[in-house]
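Hi,

Here is the structure I promised to pass on. Have a look, and my notes on the aromatic rings and strands follow below.

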Amino acid sequence: MAGGDSATANLGTYQVQSGNLVGYVFEDKNDNGTKQGGEDLISGVVVSYSGGIPNNSGNIISTTTSPNNVAESVNSGLYTVTVTLPSGDWQISGNSCGSQLPTCSVTVPDGGSSTSFYFAFYNNPQPWYTT
């Protein structure tokens, strides 16, 4: 194009697709990173998310609703999900991304639900030491 010329293109209309971000937070009593019988969901944990098309973010507070105690209707796309450790002696024993980090990447497909993400917490009280 010569100086001052411009071009335009009609790319059509994009319709925002939505889906569901679903997962759970639980007490991992045997510290193996996997939910098993007798391991309860934990309520009151803050789970933050950011991502999607167009980008959006927010916080979800976990409940004791089963089987997923974290759920939110969001735009489809790739999300970073981050969990805030509960107060006390809690440690992360695992997550659905295969690590012991408080962050995980999750994809929400158009009109569907994310693969259920999870964060496992192990309550590890520290012994008191005397000197």
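**Aromatic rings and strands**

Tyr24, Phe26 and Tyr118 together make one aromatic cluster. Bear in mind that this is a predicted model, where local features need pLDDT of at least 70, side-chain atom pairs count only at pLDDT 80 or more, and totals for chains, interfaces and linings use all residues. Residues are numbered from 1 along each chain as its sequence is written, and side-chain values use heavy atoms, with hydrogens and water left out.

There are 6 aromatic pairs in the structure (rings of Phe, Tyr and Trp, the last by its six-membered ring, with centres within 6.5 Å; planes under 30 degrees apart are stacked, over 60 edge-to-face, the rest tilted). One of them is Tyr24 with Tyr118, stacked at 5.6 Å centre to centre and 20° between the planes. Tyr24 sits in strand E1 (residues 18-27) and Tyr118 in strand E8 (residues 117-123), so this pair ties together parts 94 residues apart in sequence. Strands here are DSSP runs of at least two residues, numbered from the N terminus. Both Tyr24 and Tyr118 are buried (under 20% relative accessible area, 1.4 Å probe, protein chains only).

Then there's Trp90 with Phe121: the ring centres are 6.4 Å apart and the planes at 85°, so that pair is edge-to-face. Trp90 belongs to strand E6 (residues 90-95) and Phe121 to E8, 31 residues apart. Phe121 is buried, at 0% relative accessible area.

Back to E1: 7 of its 10 residues are buried. E1 runs parallel to E8, joined by 5 bridges (strands pair if DSSP finds at least two bridges between them), and Glu27 has Phe121 in E8 as its bridge partner.

Cheers

Note on methods:
Helix = DSSP H or I, 4+ residues; strand = E, 2+ residues; numbered from the N terminus. Buried < 20%, exposed > 50% of the residue type's maximum accessible area, 1.4 Å probe, protein only.
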